Amino acid sequence: MRKDEIERKLKMLGHWETRKQYLLCQIAELEAAKVKLKGREDMAQHLSRIESEQDKLAYEIEGKTIEISSVTAALEVLPEPMSRLLRIRYVEGKEWFRVAMEIDYSETYVRKELRDKALQMLADLMDDDEKAM
């Protein structure tokens with residue numbers, strides 16, 4: 001897995017909970033619409049579309065949850081400064097100087113060296129997990 005793919009997945013991790021809640025709300029709204037339409041024969045086509053949309057949303061939630069859990073599991077295995085760097089930068093979205101302050105390394109080292117090492121190690125871990133499946 002390439003570093004840019006890993007960075008994308010890490011950023012997605014930060015936004016996932018909000019997106020998941022949004023999708024769950026959409027499913028609930030669709031369920032409410034289904035209840036309103038249930039007794040009306042002329043709305044069968046609409047009901048079918050609603051059920052199809054609910055299935056798509058549930059599938060998206062399931063797929064992203066699996067993807068997120070693989071990233072989270074790999075992050076747990078990384079050494080502490082690397083794991084914290086990736087969480088602070090990509091999940092929390094903080095600036096490089098804040099990341100450096102929080103993990104107590106220089107900004108240059110964090111941004112140029114430790115980041116690359118952490119991303120490569122995470123990519124290797126995720127590749128190993130994919131091969132094991």
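**Note on salt bridges, core and helix packing**

1. Glu 67 is buried, with a relative accessible area of 18%; buried here means under 20% relative accessible area, exposed over 50%, and partly exposed in between, with a 1.4 Å probe and protein chains only. Glu 67 belongs to helix α2, where helices (H or I, at least four residues) are DSSP runs numbered from the N terminus. Leaving aside neighbours within four places in sequence, Glu 67 is in contact with Arg 8, Lys 9 and Met 12, contact meaning heavy atoms within 4.5 Å.

2. On the basis of the note: this is a predicted model, in which local features need pLDDT of at least 70 and side-chain atom pairs count only at pLDDT 80 or more, while totals for chains, interfaces and linings use all residues. Residues are numbered from 1 along each chain as its sequence is written, and side-chain values use heavy atoms, with hydrogens and water left out.

3. Two of the contacts of Glu 67 are also salt bridges, that is, a side-chain nitrogen of Lys or Arg within 4 Å of a carboxyl oxygen of Asp or Glu. The side chain of Glu 67 meets that of Arg 8 at 3.7 Å, N to O. Glu 67 lies in helix α2 (residues 44-77) and Arg 8 in helix α1, so this pair ties together parts that are 59 residues apart in sequence. Arg 8 is partly exposed, at a relative accessible area of 44%.

4. Glu 67 also forms a salt bridge with Lys 9, whose closest N and O atoms are 3.7 Å apart. Because Glu 67 is in α2 and Lys 9 in α1, the pair ties together parts that are 58 residues apart in sequence. Lys 9 counts as buried, at 9% relative accessibility.

5. The whole structure holds 10 salt bridges. Among them is the pair of Arg 115 and Glu 7, at 2.6 Å, N to O. This pair links distant parts of the chain, with Arg 115 in helix α5 (residues 107-132) and Glu 7 in helix α1 (residues 3-37), 108 residues apart. Both Arg 115 and Glu 7 are buried. A network of salt bridges links Glu 7, Arg 115 and Asp 116.

6. The largest nonpolar core has 34 residues, of which Leu 10, Leu 75, Leu 85, Leu 86 and Leu 122 touch the most other members. Such a core is a set of buried Ala, Val, Leu, Ile, Met, Phe, Trp, Tyr and Cys residues joined through side-chain atoms within 4.5 Å. At least two of its residues come from each of α1, α2, α3 (80-91), α4 (96-103) and α5. Not counting residues up to four places away in sequence, Leu 86 touches Leu 10, Leu 75, Leu 78, Val 91, Ala 118, Leu 119 and Leu 122.

7. The axes of α1 and α2 are 9 Å apart, at an angle of about 155°. Axes are lines fitted to C-alpha atoms, for helices over the stretch in contact, and angles run from 0 to 180 degrees between N-to-C directions. The two helices, α1 and α2, are therefore roughly antiparallel (over 145 degrees; under 35 is roughly parallel, 65 to 115 roughly perpendicular and the rest oblique). The crossing of α1 past α2 is left-handed, meaning that the near helix is turned anticlockwise from the far one by less than a right angle; clockwise is right-handed.

8. The axes of α1 and α3 come within 8 Å and cross at roughly 70°, which makes α1 roughly perpendicular to α3. Here the crossing is right-handed. Glu 7, Leu 10, Lys 11, Leu 13 and Gly 14 of α1 make the contact with Leu 86, Tyr 90 and Val 91 of α3.
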